[in-house]
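Me: I would like to go through the labels put on this structure and see what each one rests on. Please set the values against the definitions.

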Amino acid sequence: RTLGLATSDLALLAPAQMASAIQQRATALGYRLVIAMSGAKGADVAVQELLAQRVDALLVNLPLDNASASHIAALTRPLPGLFLDVPDDAPVPACQYSAETGARQGIEHLLALGHREIALLNGPKASVAAASRHQTWLRVLAENQLTPHRELTGDWSAESGYQATLSLLGSALPTALLVANDQMALGALRALHQAGLQIPAEISVVGYDDTAESAWYQPPLTTVRQDIKQLGERSVDWLVQTLNEEQSPALMRPFATRLMIRETTA
Ligand code: IPT
């Protein structure tokens, strides 16, 4: 039997590590996995490619809002499908970490350290998860009578994090930079190092994801952990159970992220 995975760009570390975990679990359970990467061609095309290969069930790791998720679910019916990147209240079965819990952990860590001048480096506009992390940051800042020092946007890549952070350097610096993913934080660290800034003495940095490399950044990155291996395993298990109708598995609640305090915050 064959499972299909429609995924966002595998040049990005989080989806790549997710695909790896999914592949390993599928193989261990005796399933084949076919992968369709969406890229510019869009969710519909990627999902159609999987259907054309006669998959028995689908995992969809594409950023989708509720309307698009419903549309894709209709397209794949009656095959079981599980979504990995949709809003917490999506009208489809989902397996994911709560963006709200995660974003709150990152910013509350900075506030607890006494930071008040916090710049935000947001993810791309098209990502619902990025928007939800951003909204939560703004809400927690507002709860503390604060507004962002600056708001920057990247496209999830290290390069975009580097460029955005360069634009921060000309004027008064924040004491902390809160970043929507670890790859952009990697680029941010490089820009800050180049400017001769001490991390975390002069500026703190917090990431999001805790992909496998993040503990190896210089300094090791403080970040919000989404356990990607666990997510991959649980999503395959749920799908296989549904497929075999052993029992109808309980609907999953969003998992809770964990703050990993390393050496980029003080
Ligand atoms: C999200 C990652 O946090 C981000 O780093 C980027 O890789 C993005 O995926 C790609 O779509 S995780 C997602 C399941 C919300």
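Reply: Helices are DSSP runs of H or I with at least four residues, strands are runs of E with at least two, and both are numbered from the N terminus. Under that numbering, α1 (13-28) and α5 (128-143) each supply at least two residues of the shell around the ligand. The model is predicted, so local features need pLDDT of at least 70 and side-chain atom pairs pLDDT 80 or more, while totals for chains, interfaces and linings use all residues. Residues are numbered from 1 along each chain as its sequence is written, and side-chain values use heavy atoms, without hydrogens and water.

Me: Why is Thr-211 called buried?

Reply: Buried means under 20% relative accessible area, exposed over 50%, and partly exposed in between (1.4 Å probe, protein chains only). Thr-211 has 4% relative accessibility, so it counts as buried. Thr-211 sits in the loop between β8 (204-209) and β9 (222-225).

Me: What makes Glu-100 partly exposed?

Reply: The relative accessible area of Glu-100 is 38%, therefore the label is partly exposed. Glu-100 belongs to helix α4 (residues 99-112).

Me: Which residues does Glu-100 touch, apart from those up to four places away in sequence?

Reply: They are Ser-132, Thr-136 and Arg-139, where contact means heavy atoms within 4.5 Å.

Me: Why does Gln-183 count as buried?

Reply: Because its relative accessibility is 13%, Gln-183 is classed as buried. Gln-183 is placed in helix α7 (residues 182-194). Leaving aside neighbours within four places in sequence, its contacts include Trp-156 and Tyr-217.

Me: What does the side chain of Gln-183 reach?

Reply: It reaches the backbone nitrogen of Leu-13 at 3.0 Å. A polar contact is a pair of N or O atoms within 3.5 Å; within protein, one must be able to donate a hydrogen and the other to accept it, and residues adjacent in sequence count only if both atoms are side-chain atoms.
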